[in-house]
Amino acid sequence: MKRRTTELTVVITTRMVAFKQVKDGNLDHDWEDGAGYSQLDPRSGRARCVVLDGASQAFGAIRWVSQLVDSFVGRTADGPQRVDTNHVMEWLSRMQQVWAQNAPTSSSIYARRRLEEGSFATMLLCEIDGLRTAPSWTAAALGDTVLFHVRGGRLLTHFPSLELTGFGHRPHGVHTLPERLNKMRDRLLVTHGNLKLGDQLYIATDAVAEWILRTCEHSGPRLWRELDSLSHPEAFTRLIADRRTAGDLKNDDATLLRVNISSGGPDSLRIAQ
Amino acid sequence: MYSEQVRRAKPGCIVLLIDRSDSMKRPWAGSRLTLAHGAARAINNTVMELILRATMEEDEEPRRYFDIGLFGYGVRPIQGGEGVESAFGGRLAQRGIVPLPEVAANPLAIRKEPSPDVGGLPSEMPVWVEPVNGQRTPMCQAMAVAGSHIYDWAQKHPDSFPPIVINITDGLVTDEPYEGADLAGWARRLANIATRDGATLLFNIYLSHEQAPTSWFPVTSAGLPRPVGTNLWDISSELPPPMVQNARDEGIDVQPGARGMVMNADLAALTKFLAIGTTVEEAND
């Protein structure tokens, strides 16, 4: 059967932006979350984004988080081919080996002991697939970094489907120690959703995610308008500062990644049918 | 109150008062160690744990999340005779409350400890406190001496989580009244030292050389042995919410109004108590 291509049947563009705000009293380089993205590639039809939250007690969290972000979005050539359980677990196993190989030798007895304990971060990976008739996202999660899918000013779903009480207390996550792989596999969650033009995806680390979930219960449309209108890092800084002052937001690193699904633009994609 | 996170800009303060009286030479029930040896081991492990929790990156020294004071009362190995002196030795000898990075850089010694795993390599364990015992139990003086250091510290850190004082003893106070005040009076003076986040916390742990049931965080002094148990209960602070949570995380059922006290602790109980009493939320900055 001859394959038929419909000109511009569906055309999508991803516009991604990440905002961050460190804890009060901290310097920018102390930020221990991580966020990264690769915009939609017209050749592969795929886009990727990732947000990680280095655990506050974890050793070497900045290096671990940076390594995972760089690999997943393709800055290094060792990312997972797909976002499904097997590929993600294979990738995490490789990442653990890379972490161990790149560990600096330290003369400090304390650093050596901590290195043996390993590092840890919560994780939300997302891949957007535009090569199908219906564009979709697939996400994998370990812990309490959360993806929110918004359409027409309403929350369609959030993933993982945590409740307000589910944040912050000993979350699952990505560990550097190989002996944790089996538990990570047991706890890894993978899901997907369909996308339409005009949709937004937000990925947030725990403090922001908890605030979003609480706020959207009673004033969702206003919240999503506010988050969609964020256009400058300063605006995010003000938003976080205001919420912290109001006592709505825990003093923690705050990270929010937004994906807008729209039509047109230089990275538009023809969907084959 | 008791909600401030510890951080480099607002470090916390942990002071351990260590009974070094003669009775600490008795064997610890259920272990082959003397009370003095067991206490020294638990304290060294606690200091190590505080340093490890403050070691966050490979290329930086441990962060100053805490300042640490260790005071021994009973025999004074450096100055001689009975009294109170810093339990630090080596380069830290005679020092009062010391920033954690300095503590980390100046252990008395680093010893090899056998691995708990069969065939495992021995691990290195820094030591800050040696077991010492002799003389009587000048607990009032210990609170007086530590209190003067804690007062100075609180003046310099008014926005920090309040100081935590943990008194480790196996016996009755022998120096009442000291400078006109009994033990309860010295404990009140200690608790009067405060930061904006709350009053100094005083916790007590009683080590038993006999096999006796352990009482965790009692809500009332009823049932505690008199006078040693009731006296310690009287001077112990109520556990604040963060430490109630720590205790519950350790599987201990803590009731409202529980005091920061453990009666008849074995080595495992002492270690657990120190972990509960010295864990304060860290802002990781």
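How many helices and how many strands are there in chain B? In this predicted model, chain B has seven helices and twelve strands.

**Overall form of chain B**

- Taken along its principal axes, the C-alpha trace of chain B spans about 50 × 45 × 40 Å.
- Of the 285 residues of chain B, 50% count as buried.
- When the contacts in chain B between residues at least 6 apart in sequence are considered, 75% of them join residues at least 24 apart.

**Helix 5 of chain B**

- Helix 5 of chain B, which runs over residues 228–235, has B:N231, B:L232, B:W233 and B:I235 as buried residues.
- The cover over the buried residues of helix 5 of chain B includes helix 4 (183–191), together with strand 10 (201–207) and strand 12 (261–265) of chain B.

**Contact between chains A and B**

- The contact between the two chains draws on 18 residues from chain A and 18 residues from chain B.
- On the side of chain A that touches chain B, helix 3 of chain A (residues 109–117) gives the most, with five residues.
- Sorted by class, that side of chain A consists of six nonpolar, seven polar and five charged residues.

Methods:
Residues numbered from 1 in each chain as written. Chains lettered and ligands numbered in written order. Predicted model: local features only at pLDDT ≥ 70, side-chain atom pairs only at ≥ 80, totals over all residues. Contact = placed C-beta atoms within 7 Å. Helix = DSSP H or I, 4+ residues; strand = E, 2+ residues; numbered from the N terminus. Nonpolar A, V, L, I, M, F, W, Y, C, P; charged D, E, K, R; others polar. Buried ≥ 20, exposed ≤ 12 C-beta atoms within 10 Å, placed from the backbone.
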